[in-house]
Amino acid sequence: MTTRSVYVTGIDRGDGRQVVELGVMELLTRQVDRVGVFRPLVHDNPDRLFELLRARYRLSQDPATVYGMDYPEASALQAEQGTDELVSTLVDRFLLVAREYDVVLVLGTDFADTQFPDELALNARLANEFGASVVAVVGGRDQTAESVLAETRNAYRAYEALGCDVLAMVANRVAREDRAGIAAGLDSRLPVPCYVLPDEPALSAPTVAQITQVLGGTVLLGDDSGLARDALGFVFGGAMLPNFLTALTPGCLVVTPGDRADLVVGALAAHSAGTPPIAGVLLTLNERPSNEVLTLAARLAPGTPVVSVAGTSFPIAAQLFSLEGKLNAATPRKAETALGLFERHVDTTELLKRVSAPSSDRVTPMMFEHKLLERARADKRRVVLPEGTEERVLHAAEVLLRRGVCDLTLLGPVDAIRKKAADLGIDLGGTQLIDPQTSELRDTFAEKYAKFRAHKGVTVELAYDVASDVNYFGTLMVQEGLADGMVSGSVHSTAATIRPAFEIIKTKPDASIVSSVFFMCLADKVLVYGDCAVNPDPNAEQLADIAIQSAATAEQFGVTPRIAMLSYSTGTSGSGADVDKVREATELVRSRRPDLRIEGPIQYDAAVEPTVAATKLPGSEVAGQASVLIFPDLNTGNNTYKAVQRSAGAIAVGPVLQGLRKPVNDLSRGALVPDIVTTVAITAIQAQTADSAPSQVPTQKAPHQ
């Protein structure tokens, strides 16, 4: 198979092309299992962008194969033996990577501090020799719209004239107000797709950790989350406190002499109140506040960094204004921002089609996760998260917002959510924040719930208390069309999460019960396990329902359903009540859905292993290649999914509830941030079958607003 490579390059330094390189890598890993990386020339080793790619995409590539050679070696080789020998050597080293991977992402030279007279021509020649198609990036920061248009057209002509296969042009870091005009101007002038990305301050902003490292600072207060905040601006404190407070801006780093305890306490108090949240405090002159002041500061804004540096404000300012944020493995939040920017302004479907990367028959966990986010983003829905003050939920919300996956509503005390988000350095943007205790919807929801549960003797007065519970409130939002789905359970029990759905949303007309599946992401495929979380001992009728529901869920998420009804016996070899139940359920599915491929009773090994299937059930169209595995009871299913998860290193996504009229999903109380992100994306996809998007909910304002 011929390796198709993508060569991302530019025309000058400072184009911020790392955003494009990261975005293209994201696209390639959605479609291809084995993606290699190659940088022909490198300044420093290890390269910070490759380290980010390796961490984010779990690359197993040997770092020694990533780099062709460093600039001094390349310059010496060119001077002694000529450009042809330099290119030949780089081609040989590239081919070592190309032979091992389905597709290679090539990171072009950076035009910084090099001794090559025509670096653009060198990149063009390397792209041609590698057989790679080019994505060329033009930097637009501090340029007029006319200048960006001219440079982009000239860059295309330059690469095209040198024989390159240009996939697309990208104008990056352009002024936001110019973006639409530049896009329109390029669309009519060039024969290839042109994408225009606006300048994003959060990407160029240094983190507090980066500032601390560069200035040789000492961290007096703050945690890793606080140090990861972006410093979106600098406010130098010298005025009296009232005037100083009016100068604070969201995300700013306060720079003040260390003996100004009033400004330190005032800035942190403002942060605590959210007016506004700041990145941190930088103390100059090597002065440190007293222990009493630091103790008060820690209580006012836990996690917010306070850093001490030597030197006066003027030289410190000069250093600060020259710093620029970097994408690397230590800045995962910047990576989410970069990908969100890329995906909002690049037609990823069009670009991936032009790349023509060979599709992999394997479906890896990463490919499955990528496709979930892509599908959720394509038709955005609103998901309500009742656990709005939980740290993991807030971090997940940040990822979802930065990637543009869905719209969110967070439930809980508004001030508490804002304070927690400020302490974590999280910008919730336009997220809806609602406190069920004080919401204007509480009365309406109480009346609705009382009607739903009138047969159980629930009065409006009792329902008023119930409606203040975040899970009931969130479920009522979904029922009333004010949200499309709900995800909870990171700090609530499964019963607390799904009981409101049983009472309010209820089952679909064609479902007799609510059940669940786990998507088990193995190294080379995705299996669907049902039911491992809800029904302890389903009868034959219920087991058939679970199988039909699970097949529908599998198909909804791109898994072709081949159903194995699991038992301790295969075919007609066994008997007993448990086997008979599975056999009866299998026949019920066949009678109700003759279009579904199903086998049962069947043992697990015969269901998934072709060699075993050939012996036990030769000729079966399911045995050996089952994709939907239905367990006879909760004990078997729950233990099996956990055993596979731990022993085989599989990623278990779920439980995903099925059978409800509208989507509600439960999280494990040990759920990590990626688990929450994935579950929310799944919930949004489940909601996409709805006829219309939800109406807007009044956003509750904090008292200070």
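Mentor: The cover over the buried residues of helix α13 includes strand β8 (218–221) and helix α12 (261–273), where contact means heavy atoms within 4.5 Å. The model is predicted, so local features need pLDDT of at least 70 and side-chain atom pairs pLDDT 80 or more, whereas totals for chains, interfaces and linings use all residues. Residues are numbered from 1 along each chain as its sequence is written, and side-chain values use heavy atoms, without hydrogens and water. Helices (H or I, at least four residues) and strands (E, at least two) are DSSP runs numbered from the N terminus.

Helix α13 spans residues 291–300, and its buried residues are Val 293, Leu 294 and Ala 297 (buried: under 20% relative accessible area; exposed: over 50%; partly exposed: in between; 1.4 Å probe, protein chains only). These three lie on the same side of α13, because their arc around the axis is only 95 degrees (directions from the helix axis to the C-beta atoms). An α-helix has 3.6 residues a turn, so residues three or four places apart point the same way. Asn 291, Glu 292 and Arg 299 are exposed on the face of α13 that is turned away from the buried side.

Helix α14 (residues 313–322) can be read in a similar manner. Its buried residues are Ile 316, Ala 317 and Leu 320. Their arc of only 105 degrees around the axis places them on the same side of α14. They pack against α9 (208–215), β9 (233–236), β10 (252–257) and β11 (280–284). Phe 314 and Ser 322, on the other side of α14, are exposed.

The wider setting comes next. The domain assignment, which is automatic or from a database, gives domain 2 as 208–323. It also gives domain 1 (4–202 + 333–356), domain 3 (361–434 + 483–506 + 662–690) and domain 4 (509–659). Between domain 1 and domain 4, the C-alpha centres are separated by 45 Å.

Elsewhere in the chain, the structure holds 14 aromatic pairs (rings of Phe, Tyr and Trp, its six-membered ring, with centres within 6.5 Å; stacked under 30 degrees between planes, edge-to-face over 60, tilted for the rest). Phe 368 and Phe 519 form a tilted pair, because their planes stand at 45 degrees, with the ring centres 5.3 Å apart. Phe 368 belongs to helix α17 (residues 365–378) and Phe 519 to strand β17 (residues 515–521), so the pair ties together parts 151 residues apart in sequence. Both Phe 368 and Phe 519 are buried. Tyr 529 and Tyr 604 pair edge-to-face, 6.3 Å centre to centre with 90 degrees between the planes. Because Tyr 529 lies in strand β18 (residues 526–530) and Tyr 604 in helix α26 (residues 604–608), this pair ties together parts 75 residues apart in sequence. Tyr 529 is buried at a relative accessible area of 0%, whereas Tyr 604 is partly exposed at 29%. One aromatic cluster is formed by Tyr 7, Phe 38, Phe 94 and Phe 130.

Finally, Pro 63 occupies the loop between α2 (48–56) and β3 (67–70). Pro 63 is partly exposed, at a relative accessible area of 26%. Leaving aside residues up to four places away in sequence, Pro 63 touches Phe 50 and Arg 54.
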